[in-house]
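Q: Hey, could you help me go through a few residues in this model? I'd like to start with one loop and then hop around.
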Amino acid sequence: MGHKVVVFDISVIRALWETRVRKHKARQKKEEERLEKSALEKIKEEWNFVAECRRKGIPQAEYCKNGFIDTSVRLLERIEKNTLTRQSLLSKDSSKRSSRFVFELSGDHWKELPDSLKEQTHLREWHISNTLIQIIPTYIELFQAMRVLDLPKNQISHLPAEIGCLKNLRELNVSFNHLKSIPPELGDCENLERLDCSGNLELTELPFELSNLKQVTFVDISANKFPSVPICVLRMSNLQWLDISNNNLNDLPQDIDRLEELQSFLLYKNRLTYLPHSMLNLKKLTLLVVSGDHLVELPTALCDSSTPLKFVSLMDNPIDNTQCQDGDEIMESEQDCRHFDKEFMKAYIEDLKERESVPSYTTKVSFSLQL
């Protein structure tokens, strides 16, 4: 019995599969259209939107409109933009609020403080510079919130005793004025941390009452006429920076090591002939400048690797040069000269401290200063 063989035309088979493919694509398209119109897809979209809003901290009232979730606008972008704008405004407002507590005055047309200042007792900072003002009024005692009293480069010849009433004072800068004395009442400002009396040229002593300033970490009395380190300074137990350069120091006290926290000690342009052995007991001293003095000897152990000193300047001393140049040359303006020296030294020291590429084996350096 013979076998029957069914023969199909290949074109018929291809037409059959093409028909099935078209029907499948049609069903897929129909399903996609149904999903687009489905509430479930809308709910899913809204849920994802709400989750994103909550993640960004946007309150519900912002993304709900008449009880429905409003996704018709780019709410997230709009809210983020508004937030940045609001933060910018808050920052500016904060800056304005802080300026309400700061008084600034500058210019040589000012010869006295404005009368309205007396009523602004809420002020926390005074910044007065480059004026012709000679007197700080006694009503300063009313400014109990005062934290910063910044009075450089004026013509002030006297500080009132009432300054001792500023119990919250943290910084006092009366540099480059014409002060001949500092009121002992300043010792009552027990929270004082920074004291700058440099460049007054005529100061010769500080009152012993300043020994009460135990919070002081910074003292600058350079460019004056101190014959020795004031006793009150030696009793400032937290002192870290002491600048007594450009004075009339002939020697340092043997108990200089009382300043156990001292880190920076500037002594340049004095009349020192030696450094006491007690300097070796300053275990935290990292910067020492004694250039332009009359040194003929110093403790040999001062530059040993056992000391913490990182920066040492002993230049322009007869310890290396028997020919000592006269350092009392008078220039056109002594105060301007002292100010230039001070600014130059400050900039140079800051540059040294900021250098991070100093090799580990170079712990001691000497630098030459043209003062």
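Q: Is Lys153 buried, exposed or partly exposed, and why?
A: Lys153 counts as partly exposed, because its relative accessibility is 35%, and the limits for that class are 20% and 50%. Bear in mind that this is a predicted model.

Q: What about the phi of Lys153?
A: The phi of Lys153 is positive, about 60 degrees, although the residue is not a glycine. Most residues other than glycine have a negative phi.

Q: Okay, over to Lys269. What is its phi near?
A: Lys269 has a phi near 60 degrees, again a positive value in a residue other than glycine. Lys269 belongs to the loop between strand E10 (264-266) and E11. With 21% relative accessibility, Lys269 counts as partly exposed.

Q: Which residues does Asp293 touch, leaving out those up to four places away in sequence?
A: Lys269 is one of them. Asp293 also touches Leu267, Tyr268, Asn270, Arg271, Leu272, Asp316, Asn317 and Pro318.

Q: And where is Asp293 found?
A: In the loop between strand E11 (287-289) and strand E12 (311-313).

Q: How far from Asp293 is the nearest side chain of opposite charge?
A: That side chain is Arg271, 8.6 Å away. Asp293 is buried, yet it has no salt bridge.

Q: Which backbone nitrogen lies 3.4 Å from a polar atom of the Asp293 side chain?
A: The backbone nitrogen of Leu272 does.

Terms used: Residues numbered from 1 in each chain as written. Predicted model: local features only at pLDDT ≥ 70, side-chain atom pairs only at ≥ 80, totals over all residues. Heavy atoms only, no water. Helix = DSSP H or I, 4+ residues; strand = E, 2+ residues; numbered from the N terminus. Buried < 20%, exposed > 50% of the residue type's maximum accessible area, 1.4 Å probe, protein only. Lys, Arg positive; Asp, Glu negative; His and termini not counted. Salt bridge = Lys/Arg side-chain N within 4 Å of Asp/Glu carboxyl O. Polar contact = N/O pair within 3.5 Å; in protein donor to acceptor, adjacent residues only side chain to side chain. Contact = heavy atoms within 4.5 Å.
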